[in-house]
Amino acid sequence: MAMEHLLPVVGFALIAAAFLQFGLWTGRGLRLRRLDKQRFEIDLAKLRAELHAITHQPTHASEPVCDSGSLHATDEQPAQLTASGTWKGFRPFIVTRMVRETSHCTSIYLTPTDGKGLADFRPGQHIALRVRLPGFDKPLVRCYSLSDTPKPESYRITVKRLPHPNQGSAHAGGVVSNYLHQDLQVGDALDVKAPRGSFVLQESRSPAILLAGGIGITPLLSMFNSIAESENGRDCLMIYGVRNGQDHAFHQHLENLSQKHANLHVINCFSSPSPEDQMGVDYQSKGFVTIDMLKQGLRGKDYEFYLCGPPSFMQVLYKDLKNWGISDSQIHYESFGTASLCRQPMPSVVAQDSTPSVEIRLSSSDRQATFDCAAESNLLEWIEEQGIDIESGCRTGNCGTCQIPLLAGRVVYTDTEQIECDPGFCLPCVAKPAEAIEIGV
Ligand code: FES
């Protein structure tokens, strides 16, 4: 039989074998070849000494740690820590370690400079980073998922380098990820918001099916690690869609965990395997992650599904899961966009507003103007069109930077599931007025 005819047959057999192992809770995952990944890790003995010096000189804590001319940690007000270790606003952190996972994917470890410990977080949550870059008059804010379980000394994020943007807009995708890959070094300072986000691993005994696409693996990796560490025996299957072995940032790590824990399983789907990638060794399926794989492999439908990947990956799988009869309460999702983490609202959860236009009162400037609900995308852009400059970051409802007082009236959100906002405030980047409102700008 010709090789091109043989491969799909072999692929099907490998997937079936993986699902069989998953279903029976027996045996170990398929043996994956140890990747010769080129990794670099930085010894931080010197840095720790510097960090110690910084954390014991509070009067210097808000000064730039790295005076490269490109980045300064300048939180105007020192972040106030609560009893649980969380904080409001941005808090100065320092980069304590960087690990090159693939040619375009780097893990960054961040430690607070005040030496006061870290807030706990739930697997799946993210943090917002604030950086000041040359050529931008305002700081840039981006959100990144935490890619490991909570550790006492640092947070870890894993950032994919996006193509360099053609334009220098503060909101263009790639501006910050290119900076993080090109210029950021161990010892540099960044401002960090406390972990947040509602895309979290649910307390459940139902098996967790983690469906990851590309860099969307990061929050799911935190969940996978968390199940491994808990040793509660919860069954978990990670199905990872990625281009090929060179782009697979955590191949060896996932293999190690699935070899060590009988309840953890991994299926790698390579859409474009390179000549070095071996079917049955590096990957179990050629092509994309599809609902047919799940239908063929899963028994029944008593699972919790977690999705994270590019918008097309998310939308297709979400729709197919729903059509298969999986309820909304069993599907949890997070999606990545040009800012590395931006939720794409699912069509079924987009809030509809029927109000054609409403009046908005701007309390600080004592003005009133009309918001055209059909023409305007969101409240933040409308506020900017009024000539009012408010701080913003992700512009996708994730970072909380644009939060403003909502003094009267009601707003609707484009994504009703994932808004985290203080009482009496709103997030204008993903909000529209539902009626006449008054806002504190
Ligand atoms: S800018 Fe991030 S929540 Fe609005």
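**Labels and the values behind them**

Q: Why is Cys-394 called buried?
A: A residue counts as buried if 20 or more other C-beta atoms lie within 10 Å of its own, as exposed if 12 or fewer do, and as partly exposed in between, the C-beta atoms being placed from the backbone. Cys-394 has 26 other C-beta atoms within 10 Å, and is therefore buried. Cys-394 belongs to the loop between helix H8 (379-385) and strand E15 (404-408), and its C-alpha is 8.6 Å from that of Leu-140, although 254 residues separate the two in sequence.

Q: What kind of model is this, and what limits apply to its local features?
A: This is a predicted model, in which local features need pLDDT of at least 70 and side-chain atom pairs count only at pLDDT 80 or more, while totals for chains, interfaces and linings use all residues. Residues are numbered from 1 along each chain as its sequence is written.

Q: How confident is the predictor over the chain, and where does pLDDT stay under 50?
A: On the scale of pLDDT, the predictor's confidence in each residue from 0 to 100, the chain averages 81, and 78% of the residues score at least 70. Over residues 24-75 the pLDDT stays under 50, and the model has 95 contacts beyond four places in sequence for them, a contact being two residues whose C-beta atoms, placed from the backbone, lie within 7 Å. The pLDDT is also below 50 over residues 337-352, a stretch with 48 contacts in the model beyond near neighbours in sequence. Where pLDDT is low, the predicted coordinates should not be read in detail.

Q: What makes a set of residues a nonpolar core, and which members of the largest one touch the most others?
A: A nonpolar core is a set of buried Ala, Val, Leu, Ile, Met, Phe, Trp, Tyr and Cys residues joined through C-beta atoms within 7 Å. The largest has 48 residues, of which Leu-210, Leu-211, Leu-220, Phe-224 and Met-238 touch the most other members. Leaving out residues up to four places away in sequence, Leu-211 touches Ile-239, Val-289, Phe-305, Tyr-306, Leu-307 and Leu-317. Apart from this core lies another, of 30 residues, among them Leu-118, Val-175, Leu-184 and Cys-399.

Q: How do you know that E3 and strand E4 (residues 140-145) pair?
A: Strands (E, at least two residues) and helices (H or I, at least four) are DSSP runs numbered from the N terminus, and two strands pair if DSSP finds at least two bridges between them. Six bridges join E3 to E4, and the two run antiparallel, with Ile-127 opposite Tyr-144. E3 also pairs with E6 in the antiparallel sense, over two bridges, where Val-192 is the bridge partner of Leu-129. In strand E3 (residues 126-131), six of its six residues are buried.

Q: Why are strand E14 (367-372) and strand E17 (425-426) said to stand at the edges?
A: The open sheet consists of five strands in the order E14-E13-E19-E15-E17, with mixed pairing. E14 and E17 each have a single partner strand, so one side of each is left without a neighbour in the sheet. E17 runs antiparallel to E15, joined to it by two bridges, and Phe-425 in E17 is the bridge partner of Pro-405.
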